[in-house]
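Subject: Handover of a structure and the findings from it

Dear colleague,

Please find the structure below, together with its sequence.

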Amino acid sequence: MDIDLQFYSPVHQIKNKLFDEQGLTVFIKRDDLIHPIISGNKWRKLKYILKKARAENKNHLVTFGGAYSNHLLATAAAAAKFGFKSTGIVRGEPVNNDTLFLCRLHGMELIFTDRESYRDKPALFNKHFANHPNVFFIDEGGASAEGAEGCSELIDELTETYDHIFCACGTGTTSGGILNGIKTRSLAAQFHAIPVLKNGGFMRDEINRFLLEPIDFNLHTDYHFGGYGKTEPPLIEFIKQFVAQTGILIEPVYTGKMLYAIYDLAAKGYFKPGERILAIHSGGIWGLLGMKEKF
């Protein structure tokens with residue numbers, strides 16, 4: 001079975017009075033539409049990882065994540081679709097929730113582990129699977145050179161030019177891949193990474209380790225809203241208004257923070273009139289399942 005998804009990830013314009021007043025044209029690349037579950041950068045990061053596993057004759061995928069991990073769910077769905085067995089090593093005490101229900105429904109076996117042990121993922125992998133030759137290790141979030149390669153292909157799909165390209169940033173894989181695509185195609189667009197973690201300045205080094213060649217980019221570290229998986233009322237209110245006004249579903253962990261940054265920077269006059277801005281919707285809308293009480 002060929003490991004691929006036939007998808008069309010369209011670019012839609014976001015209309016808003018703020019952008020009109022600033023003379024900006026803002027678009028969003030709808031990677032959330034790639035697949036209902038294996039969406040956005042989750043598919044782009046998994047694509048070449050799965051191809052590598054298949055080439056090495058591995059038939060059992062083992063990966064890592066929290067109890068509401070979009071990566072775990074995407075890996076479970078991809079494993080089911082492409083004929084792999086899957087196991088998710090879950091950070092924290094055993095729980096039942098909507099995300100893990102969907103993981104199990106797609107055939108994923110779950111192993112819960114304490115947070116201290118979770119810090120050393122290779123050791124955890126070896127503890128459970130050292131004597132299993134057909135098992136393939138996938139790092140948390142799909143962070144890998146293969147993941148960055150898949151994300152770089154996003155740039156090849158663009159049919160128009162932009163002055164700025166924005167993306168949320170968690171591991172640096174997606175941002176590094178997009179930057180590689182920008183460099184390969186010699187685009188003039190400025191890239192902006194929005195770390196979703198507190199004190200996200202370290203993400204510059206994380207992104208740099210995925211770059212094939214040095215390239216400048218912008219890192220905006222003031223839009224974490226308390227840290228990974230954290231929210232504050234202004235972010236929740238922004239998401240509610242955005243979804244109601246555009247019909248585009250977003251969540252507070254990644255894309256919500258990235259879009260908030262664009263709107264905030266526009267309101268502060270960061271961009272020049274006439275500039276064209278592209279936001280990358282990196283999928284992950286199932287993250288809403290763990291945030292329902294915030295709304």
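In which kind of crossing does H7 pass H8? H7 passes H8 in a right-handed crossing; a crossing is right-handed if the near helix is turned clockwise from the far one by less than a right angle, and left-handed if anticlockwise.

Before the details, some notes on the basis of this report are needed. The model is predicted, with local features needing pLDDT of at least 70 and side-chain atom pairs counting only at pLDDT 80 or more, while totals for chains, interfaces and linings use all residues. Residues are numbered from 1 along each chain as its sequence is written, and side-chain values use heavy atoms, with hydrogens and water left out. Helices (H or I, at least four residues) and strands (E, at least two) are DSSP runs numbered from the N terminus.

Packed helices

Two packed helices are described by the angle between their axes and the distance between the axes. Axes are lines fitted to C-alpha atoms, for helices over the stretch in contact, and the angles run from 0 to 180 degrees between N-to-C directions. Angles under 35 degrees count as roughly parallel, over 145 as roughly antiparallel, 65 to 115 as roughly perpendicular, and the rest as oblique.

The axes of H7 and H8 are 7 Å apart and form an angle of about 50°. The two helices are therefore oblique to each other. From H7, Gly-147, Ala-148, Cys-151, Ser-152, Leu-154 and Ile-155 meet Thr-173, Thr-174, Gly-177, Ile-178, Asn-180, Gly-181 and Ile-182 of H8, where contact means heavy atoms within 4.5 Å. By class, this contact of H7 with H8 has six nonpolar, seven polar and no charged residues. In this scheme Ala, Val, Leu, Ile, Met, Phe, Trp, Tyr, Cys and Pro count as nonpolar, Asp, Glu, Lys and Arg as charged, and the others, Gly among them, as polar.

Helix H2 (residues 40–55) packs against helix H3 (residues 70–82) at an angle of about 45°, and their axes are 11 Å apart. That angle makes H2 oblique to H3, and H2 passes H3 in a right-handed crossing. Among the residues that meet here are Trp-43 and Leu-46 in H2 and Ala-74 and Phe-82 in H3. The contact of H2 with H3 holds six nonpolar, three polar and two charged residues.

Between H10 and H11 the angle is about 90°, with the axes 10 Å apart. H10 and H11 are therefore roughly perpendicular to each other. The residues in this contact include Phe-238 and Phe-242 of H10 and Leu-259 and Tyr-263 of H11. Eight nonpolar, one polar and one charged residues make up the contact of H10 with H11.

Nonpolar cores

In soluble globular proteins, nonpolar side chains tend to be buried together. A nonpolar core is here a set of buried Ala, Val, Leu, Ile, Met, Phe, Trp, Tyr and Cys residues joined through side-chain atoms within 4.5 Å. Buried means under 20% relative accessible area, exposed over 50%, and partly exposed in between (1.4 Å probe, protein chains only).

The largest nonpolar core has 31 residues, and those that touch the most other members are Ile-14, Phe-19, Phe-166, Phe-242, Met-258, Leu-259 and Ile-262. Elements that each supply at least two residues of this core include helix H1 (17–22), strand E7 (164–169) and helix H10 (233–246). H11 gives the largest share, seven residues. A second, separate core of 30 residues includes Ile-49, Ala-79, Val-90 and Leu-110.

Individual residues

Asn-16 lies in the loop between strand E1 (11–14) and H1. Asn-16 counts as buried, at 18% relative accessibility.

Most residues other than glycine have a negative phi. Ser-186, which is not a glycine, has a positive phi of about 55°, and Phe-225, also not a glycine, has a positive phi of about 55°. Ser-186 is exposed, with a relative accessible area of 64%, whereas Phe-225 counts as buried at 9% relative accessibility.

Yours sincerely
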